[in-house]
Amino acid sequence: MLEALGAAGATAHAVPVAVRTLDIKGPGLLDSGYDIRRTPADPDGSLWHVTAQGAESELVARFVQLRPIEHHEVPRPLETCAYDIQWQKSTVPLPLDLRRALLLSDEPDAEGGLTASLASALEAGGVDVTQARGEACDAVLDTWLENPRDDGPSAVVLLFPQHERDDDMRPLRTAARVARRLAGGADRQPPRLWMATVLAQATGPGEPGVPHLACLRGLVRVMALEHPQLRTSLVDIDKQPGAVGDLVQELLADGDADEIAWRAGTRLTARLARADLAPQGNGGVAFTRPDGAYIVTGGLTGLGLATAGRLAEQGAGRIVLNGRRAPGPETQSVLAELRDRGVSVAVVRGDIAEPDVAAGLVAAAVGEGHTLRGIAHCAGVLHDRLITDLEPADLDHVLRPKTVGARNLEAAVDGHDLDWWVIYSSAAALIGSPGQSAYAAANAWLDAMAHHRRSSGRPATSIAWGPWENVGAAAANPASALEPIHLAEGMDALQELVTLDRTHVGVVHLDAGRVLAAFPGLSAIPFFNDVLEDSAVGADDWVGPAGIAALGGCAPEMVYARLVKRTAAIMGFSAHELDETTALTELGLDSLMAVRIRNALRQDFGVDLPGPRLLRGACLRELGGAVLEQLGLGSEVPTAASSPAGPDNVRQAPPSAPPLPGSLSARDPAERLVASAWSEVLRRGPRDVHEDFTDAGGDRRAAEAVVDVIRRRLGDDTELSLTGEAVLAHRTVAAVAELIRPVVNRTGPSALTTLRPAVPGAPRPPLFTFHPAGGPTSVYLPLTGLLPAHQPVYGLERVEELNTVEDKATHYRALMRDIQPEGPYHLLGWSFGGCLAYEVARQLGEEGQEVGFLGLIDTILPAALPQQDSPELLLERFGRFAEYIEKTYGHRLDLPYEELAATPDERQIDVIMRLVADAGLDMSPGVMEHQRTSYVDARVGERYVPRPHDGPVVLYRAQRPQELTTALDPRYLRQEADLGWAPLCRSLEIVPVEGDHLSLIDPPHVETIARHLVRAIGSLTDDR
């Protein structure tokens, strides 16, 4: 009956939520089947009459009300999304003819040791073995890779024997360093990467495992997604006499499994499986007690704060929350609500990785007479890096709150009788996540810690959470292959898993088809077989690299169709939605998607294309041509493989050179602010800066609303005398902008302005922003308003006396030190401001100062522009400006070309501005000054030749060209996604932003920048 109602409603996903009357007629027993009829009870289809007629009974429901629901509103039992790792017996594959092996170990060189025994056994099997130990490993690895042989399979084996009291993270650092070296190679048949450990994995009850070695499985899971060609694998042996022989069998077999353990001669392989949710202990565990105290690390934001809320709802007596920063206003409001419930709440600030903080938490928990009953370790930071960019400092940054914090907590609670200890782990460790090798390893360490505690009878539950909907550091990403967890759903799962007393469970909405579409090839890895084998996508009929030749004359067409299908799936489109000639970066391609597409090309076609080619503006047809050429099928791409459905749902490539606009759009920041406020209030932008506000539908109420928007964009603390009456009196964008221009430009004695001051008691590193060409840093105020309230923001304004980017950067560094003497420094610049931010970051790096974040907002690399110093080019640019003046102002501007040619470059703009002033154009002094300073700064930027920067860089890339800028100087119409920066940046992340070069800094497009910026800076400075 419910299905019939859903089909009858006007909305496809609708359920009954109310019924006025329900009559049941019959002998008292329901029939096994019914004929259902429904008729509408009102015109709009929200009310229905439903009759169910059976053989002996009849049900009549009158005025049944339907309500549309979202997918997440339908309760899903925990069994549908709970997974764990199960170790299953498996046979050993037949041996492969392994020819060469490089054995790297940190074991002392001793006869009879594990390393020596393994080397001897491999050599006895006909393998050419090279050994290296300790500090010599890197040099030997480089030499070994530089002298490849083509006589058969090869392997790099990292051997990590178990040492007494060896709880540091050296094995992980070594493994990450070697993985990075192998991933960065260009070998078409790279060596397989093996990591071998001894009794590190807890394969069954009672096995303690070794967390600092078991965490290597997080690296395995990420490498399978980022660089599947390396087939990175982990094999864990025991200490039985035949253990070395077991390891040799595994290495020679070269099987598909990538997580293997040997126990007493039996081979076990790890499999992802539906979790066993039977209670693990003796009876259920109490989630809360009224006399119990509960500690939540990372408890002042995101999931930690949500966990505190659930504990309060369920009757916790006392909750102690920990975080590094003081609670902000939103958190304070939540804490007040918890206290209103009668819960005793304490906040203990500090870094959980510092020695005394954990002890302080325990003291606070029991300080009012409560008994410590539960620990929720939610602290952590995200710090995404592809393995090719991963540095030791990146690992340490992520490991510290997770692993050191957990050790400190464990020491502090020793002797307390806990009901539960919950660890917030991540699906990145359970199944992998591209770009999160450090995060996956840190969480795999926590998973192993849970097993280690259980082996000694102590409580521990590690929950590997999937992405969350709008909460937490690992919030959902639209391009993710996993559905997000909704907050209430996740808190229900938390409570259930605590009471079930499970050791390690993943809570993930895993759709097999969606995962395989995003990560082709996973079905070939035994770890995923049990959960992916039933997927329709898994039953793939593609012939693979070996079968392409048999396709004959159809090969080019079928290969290209396959390429389009795979690329579309990875990017979240259907095949017909991708325009073949649009750069993939303009459709949202980022560095992680590029990794997945490269892996798909290897999986399907056996070809390898460099990632930079994808990120520098390649479209589908260019990609297809490169693949076909590598396959020896020519480079001519079949026609219309993607069959676009039409202009409404396909993003087309921009024109090669837009014509000069015919209307007069906003000319400086003040006019752009007024025009943007106008657009927000009237729901359409002004036709030009002289359109009448009242003619466009504006009235007194709308005028007041425009003032409110402007005031909000400038900051509520800004002294703004603008009124609704003034807007109605002046009526045009140009006239109203004259009233606010002094406030927008914020001129002052210092080149450093405060956009948002630091909050006392919240020592958060500030964000330094750099002025765009000819403009003030007040352009960042809308962005500032979207950042957390405790984030201080400062602006570095124009200094015209300095005429090189390098000199300006030196001056700005001195000003910044007055605010922040030491790093990490967070830097952001739009347009020309991006050049300033980049050079400041580079100079700070030379000084040995840490740069935490460097963001460029649609900044084109000046050195990539052609004809930098061509006099003809500059005169042509002035000519197009004169053409624009005639087209928009209706006044011919006769340029004195001979005078311009004889005038020094830096003074030519003064000649042009003199002509504009003499022409009597409707251009105020403020607008004219902006035109002049914009040109001056642009020329400073064009003369700037930046040098490489070692740190990571984020480029926020506008998805549309700016009409006027590119029409006046077509050189700025750049197609490559990196805008020329990739060769200079060791790590460049490209974030697509809707809008053009001017509009992306204003609402609504700036919200994309704000979301990414909050996450990026938050991952560097905040606990989760």
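This is a predicted model: local features need pLDDT of at least 70, side-chain atom pairs count only at pLDDT 80 or more; totals for chains, interfaces and linings use all residues.
Residues are numbered from 1 along each chain as its sequence is written. Local features need pLDDT of at least 70 and side-chain atom pairs pLDDT 80 or more, totals for chains, interfaces and linings use all residues, and side-chain values use heavy atoms, without hydrogens and water.

Visitor: How many residues of strand β14 are buried?
Guide: Buried means under 20% relative accessible area with a 1.4 Å probe, protein chains only. Strands are DSSP E runs of at least two residues and helices H or I runs of at least four, numbered from the N terminus. Arg318, Val320 and Asn322 point one way from β14, and Ile319, Leu321 and Gly323 the other way. Of the six residues in β14 (318-323), the number buried is six.

Visitor: Which helix makes a β-α-β unit with β13 and β14?
Guide: β13 (residues 292-297) runs parallel to β14, joined by five bridges, and Ile295 has Val320 as its bridge partner. The unit is right-handed (clockwise from first strand over helix to second, with the strands pointing away from the viewer). Its helix, residues 302-313, is α8.

Visitor: Are α3 and α4 roughly parallel or roughly antiparallel?
Guide: Their axes, fitted to C-alpha atoms over the stretch in contact (heavy atoms within 4.5 Å), lie 11 Å apart. The angle between N-to-C directions, on a scale from 0 to 180 degrees, is about 20°. Angles under 35 degrees count as roughly parallel and over 145 as roughly antiparallel, with 65 to 115 roughly perpendicular and the rest oblique; α3 and α4 are therefore roughly parallel.

Definitions and conventions
Buried means under 20% relative accessible area, exposed over 50%, partly exposed in between (1.4 Å probe, protein chains only). Two strands pair if DSSP finds at least two bridges between them.
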